[in-house]
Amino acid sequence: MAALVIAEHDNASIKAATLNTVTAAAACGGDVHVLVAGANAGEAAKAASQIAGVAKVMHADGEQFAHGLAENVAAQVLAIAGNYGHILFPATASGKNVAPRVAAKLDVAQISDITKVDSADTFERPIYAGNAIATVQSSDAVKVITVRTTAFDPAAATGGSAGVETAGAVGDTGKSKFESCEIAKSDRPELTAAKIIVSGGRALGSSEKFQDVMTPLADKLGAAIGASRAAVDAGYAPNDLQVGQTGKIVAPQLYVACGISGAIQHLAGMKDSKVIVAINKDAEAPIFGVADYGLVDDLFTAVPELVSSLEATAK
Amino acid sequence: MKILVSVKRVVDHNVKVRVKSDGSGVDIANAKMSMNPFDEIAVEEAVRLKEKGVATEVIAVSCGVQQCQETLRTAMAIGADRAVLVQTDEELQPLAVARLLKALVDKEQPGLVVLGKQAIDDDANQTGQMLAALADLPQATFASKLEVADGKAKVTREVDGGLETISMPLPAVVTTDLRLNEPRYVTLPNIMKAKKKQLDTVKPEDLGVDVRPRLKTLKVTEPTKRSAGIKVPDVATLLQKLKTEAKVI
Amino acid sequence: MLRELADLDRVAQLPNAEVLADDELTGSILIEASRLAEGVLEPLNATGDRDGARWSAEGVKATPGFKDAYRQYVEGGWNRLAMPTEYGGQGMPTLLSAAVREIFIGANKAFCMCPGLTDAAVHALMVGADDALKAYYLPRLVSGEWTATMNLTEPQAGSDVGALRTRAVPAGDGTYRIFGQKIFISFGDHDLTDNIVHLVLARVAGAPEGSKGISLFVVPKFLPQEGWQGARNDVQCAGIEHKVGNHGSPTCTMVYGDAGEGAVAWLLGGENMGLQTMFVMMNQARILVGMEGVALSERAYRQALAYARERVQGRAAEGSALPVPIIRHPDVRRMLLSMRSQTEAMRALGYMLAGALDLADGHSDPMVRQERQDFVDLMIPIFKGWATETAVEVTRTSVQIHGGMGYVTESGASQPLRDVLIAPIYEGTTGIQANDLIARKVLRDGGASLNCWLAQVDRTLAETTAQPALADLASRLGEGVASVRMVAQWIAQAQRERPLDVLAAAVPFLKLAGIVAGGWLMTRAALAASRLLDAGDAGESESFLRAKLASARFYATHVLPQAGALAVTAMNGSEATLDEWALQA
């Protein structure tokens with residue numbers, strides 16, 4: 001049986017998270033189909049059809065999908081779910097929002113945040129903030145899954161040539177209504193897909209200092225900016241920068257933690273990074289336990305020094 | 001309007017859990033147990049709504065072993081009016097819990113159901129959404145702000161790019177995110193009062209729900225350990241290592 | 001532990017103590033207390049140590065953050081846990097409040113001094129004040145709206161309270177005017193509440209000299225609205241001390257009547273009855289100081305344990321490729337266990353005493369009340385003296401385990417030591433406790449209460465001897481008990497001819513008695529743990545029970561043997577102490 005990937009997109013293009021999810025879907029065996037449910041999402045559907053390894057794209061269009069309301073998207077998935085053995089969502093905010101609705105309606109269990117596909121019915125997933133890995137097996141007819149995107153390589157965005165099929169769009173369930181949003185617009189790479197992330201903790205002391213210190217470093221490295229929960233709680237950084245067990249899970253090539261102590265919950269969000277650098281003036285901070293390179297120093301001295309050194313070597 | 005709040009008894013968030021050497025699970029035998037932090041936020045929010053006069057009664061629910069009673073007493077000490085323990089020693093997975101909650105929703109007919117967005121033990125993030133689907137209710141997950149008025153809930157949600165606000169008619173399901181509120185410290189008088197509040201115990205059979213788990217855990221292992229790192233003496237050395245050794249910049 | 005050692009079940013049957021019969025409720029109370037302690041008080045512990053209180057001519061400002069913490073503490077009802085229900089308190093038994101206090105003190109000892117003193121004042125008012133004073137002050141002290149202080153000490157009157165010179169002059173309308181200076185008054189001034197109620201010991205003109213002529217007065221910072229329009233009373237904080245520790249607690253010099261007219265005061269109890277009233281609360285106060293020793297020892301132990309688990313230094317003695325955490329080294333284990341076993345022993349005695357106080361006050365059978373009161377009277381000086389002195393040693397060991405970092409203030413390792421260093425001094429120095437033990441407790445009743453206690457220890461010994469697995473504990477405890485008996489006998493004899501010898505041996509005797517009391521309770525704990533393990537009743541507590549057995553064994557082999565040495569010193573050391581040449585050069 002085929003596997004269905006619910007695409008993450010912005011109507012005009014496919015988001016990177018979908019690519020990793022396609023890889024996971026392929027590992028389940030069988031063809032990979034992609035559902036693009038959006039509003040005027042033709043371009044996104046087209047982009048989905050070009051993903052390597054995708055056999056078919058279903059495109060359901062309507063205003064009711066404009067904001068990804070869970071009740072509507074779930075209803076759409078259910079309308080075409082019948083033929084699939086696996087239904088996969090990226091473990092993004094919207095994937096996590098919609099997937100369980102689908103699972104419950106299908107009366108099947110959901111396997112959240114998988115990091116590995118062992119076989120068509122067996123998966124690995126982190127529990128206890130990633131301090132343990134559980135291998136679980138599902139005997140349900142349909143496996144509903146959310147995929148930890150950092151655990152799977154992205155499928156190539158081009159090279160595929162799937163057909164795009166129009167799916168009959170389900171009506172607006174009318175259950176909830178979109179009111180407004182405040183989405184940060186940034187030239188920076190998206191946190192969950194960035195190759196380099198520089199992250200600030202509460203030691204930065206204020207939102208002005210957070211920006212003054214972290215921005216130049218992020219600029220110099222072409223990095224995304226992350227934050228610890230403490231920094232977000234204190235108002236030094238917006239919530240969408242939070243890295244951690246209940247924030248964003250990231251696994252960049254390089255993660256630079258500045259003034260972050262390294263609580264279990266933060267580590268859960270970044271300990272799969274390839275290289276971890278920690279800058280903290282407390283030599284006993286737990287973050288040094290996971291850092292490949294640790295610099296015991298005041299971040300207000302070390303980070304600007306790092307920025308100017310990068311500047312100098314760039315010349 | 002009644003508010004139903006679901007709370008889970010989990011290993012305390014400060015405890016660093018260890019994997020059992022036989023791979024059968026995590027060793028929580030002597031671990032300190034507490035209310036799931038997101039559920040504390042849920043109870044706090046429900047109680048605040050009652051204090052504002054929006055709700056008339058807050059009912060706390062927990063599903064699991066007998067000791068979940070303690071978690072329910074804490075919920076009542078925070079301000080829930082009464083509690084229901086759905087007692088079972090069976091391993092409970094989100095779908096089963098959602099089914100149990102749906103049975104209680106049918107029975108109690110609350111205007112709002114509030115749950116934590118995820119439990120810090122299984123990190124599943126499913127129960128609230130599943131309940132909403134089973135009960136055919138609208139859902140608002142990862143709430144960082146909740147306003148209830150005129151039979152509607154307006155919820156601001158934390159999403160990947162920032163914040164999003166949606167509205168839905170009641171009854172509805174809301175799951176809480178970290179910044180929705182800061183739970184109060186329980187006062188001594190309220191601990192004493194909680195003792196006298198009503199706590200009913202039911203069994204899954206009484207609710208007509210089959211709670212047998214669907215997913216089978218084959219093994220539990222430790223995550224791959226990172227090899228030990230080194231301390232560098234200064235920025236210059238750090239840069240040099242990142243360039244030539246790690247080759248990440 | 002509460003059940004096995006501290007007589008929980010008997011106390012739980014007392015009126016007003018139903019709480020203790022309910023494990024879940026008791027558990028909830030302890031859990032919520034720790035949450036507040038951890039979330040609100042603990043974060044201010046280092047702040048208090050570093051920033052402390054500030055004095056200015058306008059008044060004392062408490063450690064930044066204390067005001068808000070105090071508000072939350074009071075809002076939570078924790079201040080009135082053990083206060084009388086007639087005035088809005090929860091009226092909980094001492095046994096429960098001792099456990100709760102231990103949690104709060106371990107989180108922030110300096111902070112706890114404020115509600116602790118208020119609690120003592122409430123007690124004094126309940127015992128000695130007339131209805132008018134009670135009606136006016138108790139509701140607000142119990143609610144936490146106002147705090148209180150205890151003013152005894154003066155520059156020339158510390159241990160010798162009778163030497164105080166603060167005077168009280170009758171004003172003719174039932175009130176008095178107070179003139180004098182008091183020192184070392186904790187939280188004598190602060191900005192946590194709108195009013196502070198000072199309880200002051202003073203001598204009415206014409207009263208006898210010494211301790212027989214002391215009266216107790218209530219001197220509010222702000223006078224009552226009715227009749228005085230809430231005017232500021234003439235009591236000022238002239239300055240606060242720079243101390244070794246407890247920086248979060250402003251230690252004030254209080255000046256009464258400096259402006260000339262005298263501070264307005266109301267008599268609490270009868271004239272010249274001041275010390276009598278104070279004595280009633282002294283037992284409670286001394287138990288609480290002993291519990292400070294327990295709380296800070298526990299804190300120091302936890303800090304040292306955490307450090308020893310993380311700090312990597314040196315290869316394992318039995319061989320290892322890489323350096324290991326220092327907890328692997330035998331000497332570090334020894335230090336940690338010495339901290340742990342002594343803390344457990346102290347705690348057991350403290351809780352037992354707290355439970356005994358409850359029974360002495362409230363049991364329906366007068367014989368039980370008397371027996372428990374005798375036990376309390378005997379044990380309190382032992383507990384206060386021994387637990388506080390031991391706490392200094394335990395907290396010092398934590399510094400040692402931390403190595404060089406222990407000596408660095410920032411590490412926080414030395415704070416428990418510095419904070420507890422005052423405990424063997426205030427509320428009656430160890431020397432005073434020892435004299436009290438010998439004069440009032442051992443000699444006065446011919447050793448009756450001492451023998452009564454030793455008979456209880458004998459019963460424990462008999463039970464232990466019957467357990468082959470615990471034979472070593474039995475023999476060490478037996479030796480300890482024999483030492484106590486020997487020295488007690490020696491005291492009875494020496495007292496007649498050589499009373500100075502007895503005084504010179506007093507503290508060694510007190511320490512000996514404390515060590516044996518601790519050993520007695522650790523042995524009882526081992527018996528209980530053994531019983532539960534053998535019956536297969538351990539369940540989730542198996543590791544707790546096994547650790548308890550190990551701890552009891554450690555205590556028996558490392559601590560109890562000191563009893564014999566102290567007995568030698570007590571019976572033979574006085575000659576050297578009193579040698580007139582000894583301090584000449």
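In this predicted model, B:Pro171 sits in the loop that links strand E11 (162-169) to strand E12 (172-176) of chain B. Most peptide bonds are trans, and most residues other than glycine have a negative phi.

| Residue | Phi | Location | Relative accessibility |
|---|---|---|---|
| B:Phe142 | about 55° | strand E9 (residues 139-149) of chain B | 3% |
| C:Gln229 | about 55° | loop between helix H10 (225-228) and strand E8 (235-240) of chain C | 63% |

B:Phe142 lies within a strand and counts as buried. C:Gln229, in contrast, belongs to a loop and is exposed.

**Contacts between chains**

There are 2 pairs of chains in contact, and the pair formed by chains A and B shares the most contacts. Chain A and chain C are joined by no contact; their closest C-alpha atoms are 9 Å apart. Between chain C and chain B, an area of about 1700 Å² is buried, and carbon and sulfur atoms give 55% of it. On the chain C side, the residues that lose the most area to chain B are C:Glu24, C:Glu32 and C:Arg35, which together make up 33% of what that side buries.

**Chain A**

Chain A contains 8 helices and 16 strands. Its radius of gyration is 21 Å, close to the 20 Å given by the globule rule for 315 residues, so chain A is as compact as a globular protein of that length. Along the principal axes, its C-alpha atoms fill a box of roughly 60 × 40 × 40 Å. Of the 315 residues, 59% count as buried. Contacts between residues at least 6 apart in sequence join residues at least 24 apart in 64% of cases.

The accessible surface of chain A is about 11600 Å², with 49% belonging to carbon and sulfur atoms. The chain carries 24 positive and 33 negative side chains, and the centres of these two sets lie 1 Å apart.

Helix H1 (residues 16-27) of chain A has several buried residues, among them A:Leu19, A:Val22 and A:Ala25. The buried residues of this helix pack against strands E1 (2-6), E2 (32-38), E4 (84-90), E6 (116-119) and E9 (143-147) of chain A. After H1 of chain A comes A:Gly29, which has a positive phi near 90°.

Technical notes. Residues numbered from 1 in each chain as written. Chains lettered and ligands numbered in written order. Predicted model: local features only at pLDDT ≥ 70, side-chain atom pairs only at ≥ 80, totals over all residues. Heavy atoms only, no water. Helix = DSSP H or I, 4+ residues; strand = E, 2+ residues; numbered from the N terminus. Rg over C-alpha atoms; globule rule 2.2 N^0.38 Å. Buried < 20%, exposed > 50% of the residue type's maximum accessible area, 1.4 Å probe, protein only. Contact = heavy atoms within 4.5 Å. Areas by Shrake-Rupley, 256 points an atom, 1.4 Å probe, with all protein chains shown as cover. Lys, Arg positive; Asp, Glu negative; His and termini not counted. Charge placed at Lys NZ, Arg CZ, Asp CG, Glu CD. Buried area = accessible area lost by both parts, 1.4 Å probe.
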